[in-house]
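Trainee: Hi! Could you walk me through this one while I have it open?
Mentor: Happy to, let's look at it together.
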Amino acid sequence: MDLYEHQARELFEENGIVVPRAEVTDSPERARDIARRLGGRVVVKAQVRTGGRGKAGGVRLAAGPAAAEDAARRILGMDIKGHTVGAVMLAEPVDVDREFYVSYVLDRAAGRFLAIASAQGGMEIEEAAAERPEAVVRVPVDPAEGVTTAVAARVADAAGLPPQTVDVLVRLWEVLVREDALLVEVNPLVRTTRGAIVALDGKVTLDDNALFRRTRWGGGRTTPADPLEARAAGKGLTYVRLDGEVGVIGNGAGLVMSTLDVVAGQGARPANFLDLGGGASARVMADGLSVVLSDPAVKSVLVNVFGGITSCDAVADGIVRALEEVRLTKPLVVRLDGNNAARGRAVLAARAHPLVEQATTMDGAARRAARLATAA
Ligand code: GDP
Ligand code: MN
């Protein structure tokens with residue numbers, strides 16, 4: 001989950017990193033009052049969970065309270081890369097001497113973090129990185145050791161950052177650890193004309209798996225934008241909506257992903273990813289079916305279950321009970337294999353629902369579901 005700039009700013013401030021004085025509002029009139037409080041001149045900044053606000057016109061310098069109100073009115077409601085601006089932050093302007101870039105990011109492949117730093121920060125960092133890759137340094141960070149003063153000094157030195165940034169680098173690492181973040185980025189970290197080091201913009205991405213212990217940003221998960229995904233999340237299902245016509249339900253992420261491939265291989269497009277997880281009880285099956293069936297794009301549904309610890313007859317029982325709860329409106333192709341497959345198939349055959357058919361292989365099931373979807 002990405003935090004807004006003003007939330008990142010708050011975390012930085014709490015950890016002793018210098019940030020400009022600032023306040024957030026969603027009203028142009030209040031923006032005028034805030035500007036007055038902050039001394040008149042302010043930077044008005046769109047609060048959206050995406051970068052590149054400056055280039056999109058979402059960061060404006062206002063000369064006084066009236067100009068701040070005007071800037072807020074222009075920025076609020078603006079679209080920046082598909083994000084609608086719902087709030088602005090007004091910040092005391094800083095006289096910038098130099099702009100730097102610093103971040104810590106999880107390097108999943110290496111199982112470590114990377115400190116990334118450059119003395120060429122600011123809005124042109126991407127261009128600088130592309131034209132002169134040596135201007136951006138990457139230093140692996142051992143998560144057990146963390147960023148000590150010695151590590152931070154090495155990063156600052158390698159990137160050509162002034163020695164006063166060492167303290168900020170250490171504190172920034174502390175923010176990452178304390179908040180269970182996967183990324184913290186400051187761009188630009190600036191040296192002011194008076195020599196102070198100030199974080200002018202911040203980005204923090206929290207680890208969603210740790211959100212249960214972060215009540216402060218709304219107590220857990222953010223609601224997915226897609227209404228079906230939101231409904232599935234409410235039922236505790238692992239569901240991702242895709243743009244095809246074959247609904248896919250399976251047990252285990254790996255099996256579900258290969259089912260998506262097999263459906264695509266049969267010339268159809270999967271409408272979703274839905275992993276029932278282990279167990280696949282009647283409850284989960286009924287919830288899963290109801291979510292998948294309520295997608296109007298779905299023309300057929302493929303249930304692909306490989307019984308391991310879960311036995312297929314329990315899964316078949318789950319499907320039969322789910323059919324009592326959910327009115328099946330589209331053809332359902334079921335492939336059961338593995339533990340107790342024969343008994344599971346017998347349970348479904350005995351139920352003899354007119355819209356349910358069985359297939360014995362994954363390819364066969366996908367072919368049939370694809371045909372049903374394209375014929376519909
Ligand atoms: P981004 O475009 O989304 O990364 O938004 P930023 O918050 O980084 O702002 C874009 C640019 O505006 C920064 O790189 C700075 O160059 C500039 N900027 C923002 N705040 C100030 C400020 O207080 N003083 C000065 N001189 N420049 C600022
Ligand atoms: Mn920035």
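Trainee: Where does ligand 1 sit?
Mentor: Ligand 1 takes up the space of the largest pocket. Do keep in mind that this is a predicted model.

Trainee: Got it. How many residues surround ligand 1, and which are the closest?
Mentor: There are 17 residues around ligand 1, and the closest are K45, R53, G54, V94 and E99.

Trainee: What kinds of residues make up that shell: nonpolar, polar, charged?
Mentor: The shell around ligand 1 has 8 nonpolar, 5 polar and 4 charged residues.

Trainee: And which strands supply at least two residues of the shell?
Mentor: Those are β2 (42–46), β7 (96–107) and β10 (181–192).

Trainee: Why does ligand 1 lie between domain 1 and domain 2?
Mentor: Because domain 1 (21–91) and domain 2 (96–217) both contribute residues to its shell.

Trainee: Switching topic: is the peptide bond from N187 to P188 cis or trans?
Mentor: That bond is cis, with omega near 5°. P188 belongs to strand β10, one of the strands that supply at least two residues to the ligand 1 shell.

Trainee: Last one: what about the phi of D180, positive or negative?
Mentor: Positive, at about 55°, although D180 is not a glycine. You'll find D180 in the loop between α6 (165–178) and β10.

Terms used: Residues numbered from 1 in each chain as written. Chains lettered and ligands numbered in written order. Predicted model: local features only at pLDDT ≥ 70, side-chain atom pairs only at ≥ 80, totals over all residues. Heavy atoms only, no water. Near = heavy atom within 4 Å. 1 Å grid on protein atoms, 1.4 Å probe; cavity = no way out; pocket = protein on both sides within 12 Å on 5 of 7 lines; lining within 4 Å. Sits in = over half its atoms within 2 Å of the grid points. Helix = DSSP H or I, 4+ residues; strand = E, 2+ residues; numbered from the N terminus. Nonpolar A, V, L, I, M, F, W, Y, C, P; charged D, E, K, R; others polar. Domains from an automatic or database assignment.
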